[in-house]
Amino acid sequence: METRDTDTPDLFTGRMTFGYARVSTKAQDFGGQVEQLEAAGCNQVFAEKITARHQNRPELQKMLSKLRAGDVVIVTRLDRLARSTRDLLMLVEQIHEAGAGFKSLAEPWADTTTPAGKMVLTVFAGIAEFERALIKERTDIGRAEARKRGVYMGPPVKMTDDKRAALLELLASGKTPTEAARIFGIHRSTVYRITRQEEKKQLKEKAS
C-alpha cells in the first residue's frame with residue numbers, strides 16, 4: 001500500500017521527505033500514521049501491513065531505493081520501522097549512507113537532521129556495540145567453563161566403532177568420564193551412555 005505519491009520535492013531545498021507507516025496485521029488500520037506523516041510534511045508516504053520480523057518489506061525497500069542526498073525519512077514511532085535496537089541502527093545507517101536524514105515524531109531525540117540527534121544515535125550505536133561485545137565475552141567464558149566440565153559445545157560428534165573402542169580403552173586406563181569427554185570432544189552424558197551400552201553388551205554375552 002502506498003499513499004500520496006506526489007514525487008514533488010521541496011521547492012526551496014530540492015529534497016524529498018518520505019514517510020514510512022506500518023501495522024502488523026491486515027486487520028489493523030494505520031491508526032492515523034499516514035495523516036501524522038503528511039502533517040509533518042512528507043511528500044510521499046509508504047505504508048504496509050506486515051510484521052517487523054519480515055526481512056522483506058516491499059514498501060520499505062522501495063522507499064530506501066528512492067533516497068537521495070538531502071532527503072529525510074520520517075516515522076511516527078521507532079517501532080514502526082524496526083523491532084530492535086540493532087535493526088534500527090542498521091536501517092538508520094542505510095539511510096545515512098544514502099545521504100539522507102531520519103527522524104521519529106514520537107521520539108524527538110531520534111533525529112539525525114540535528115547535531116544533537118546525531119550524537120544520541122551515535123551513543124546508541126556505541127552502547128549496542130558494547131552490549132554485543134559483552135554477550136560475546138560471556139558466551140566465550142561460558143563455552144570455556146563448559147569445556148572444563150567436559151561439555152562439548154558444537155555439532156554432534158559421530159562416534160564410530162573405532163572411536164567407541166578407543167574411548168572405552170581410555171576409561172579402562174583410568175581416565176575419568178570428564179577427561180574422556182574433553183579428549184573426544186563429546187558431552188559427558190555421551191560417555192556415560194556408551195559405558196552403559198557396553199555394560200549391557202557384556203551382560204548379554206555372559207548370559208549367552
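1. Crossing of H6 and H7. In this predicted model, helix H6 passes helix H7 in a right-handed crossing. H6 covers residues 177-184, and H7 covers residues 188-207.

2. Packing geometry. Two packed helices are described by the angle between their axes and the distance between those axes. For H6 and H7 the angle is about 110°. Their axes lie 8 Å apart. The angle makes H6 roughly perpendicular to H7, because angles of 65 to 115 degrees count as roughly perpendicular.

3. Residues at the crossing. H6 contributes Pro 177, Thr 178 and Ala 181. From H7, the residues they meet are Arg 188, Val 191 and Tyr 192. By class, the contact of H6 with H7 divides into 4 nonpolar residues, 1 polar and 1 charged.

4. Overall fold. The chain has 7 helices and 5 strands. Along the sequence, their order is β-β-α-β-α-β-α-β-α-α-α-α. H6 and H7 pack against each other.

5. Burial and surface. How many of the residues count as buried? The share is 34% of the 208 residues of the chain. The chain exposes about 13000 Å². Carbon and sulfur atoms supply 54% of that area.

Methods. Residues are numbered from 1 along each chain as its sequence is written. This is a predicted model: local features need pLDDT of at least 70, side-chain atom pairs count only at pLDDT 80 or more; totals for chains, interfaces and linings use all residues. Side-chain values use heavy atoms; hydrogens and water are left out. Helices (H or I, at least four residues) and strands (E, at least two) are DSSP runs, numbered from the N terminus. Buried means under 20% relative accessible area, exposed over 50%, partly exposed in between (1.4 Å probe, protein chains only). Accessible areas come from the Shrake-Rupley method with a 1.4 Å probe; for residues, only the protein chains shown count as cover. Axes are lines fitted to C-alpha atoms, for helices over the stretch in contact, and angles run from 0 to 180 degrees between N-to-C directions. Angles under 35 degrees count as roughly parallel, over 145 as roughly antiparallel, 65 to 115 as roughly perpendicular and the rest as oblique. A crossing is left-handed if the near helix is turned anticlockwise from the far one by less than a right angle, and right-handed if clockwise. Contact means heavy atoms within 4.5 Å. Ala, Val, Leu, Ile, Met, Phe, Trp, Tyr, Cys and Pro count as nonpolar, Asp, Glu, Lys and Arg as charged, and the others, Gly among them, as polar.
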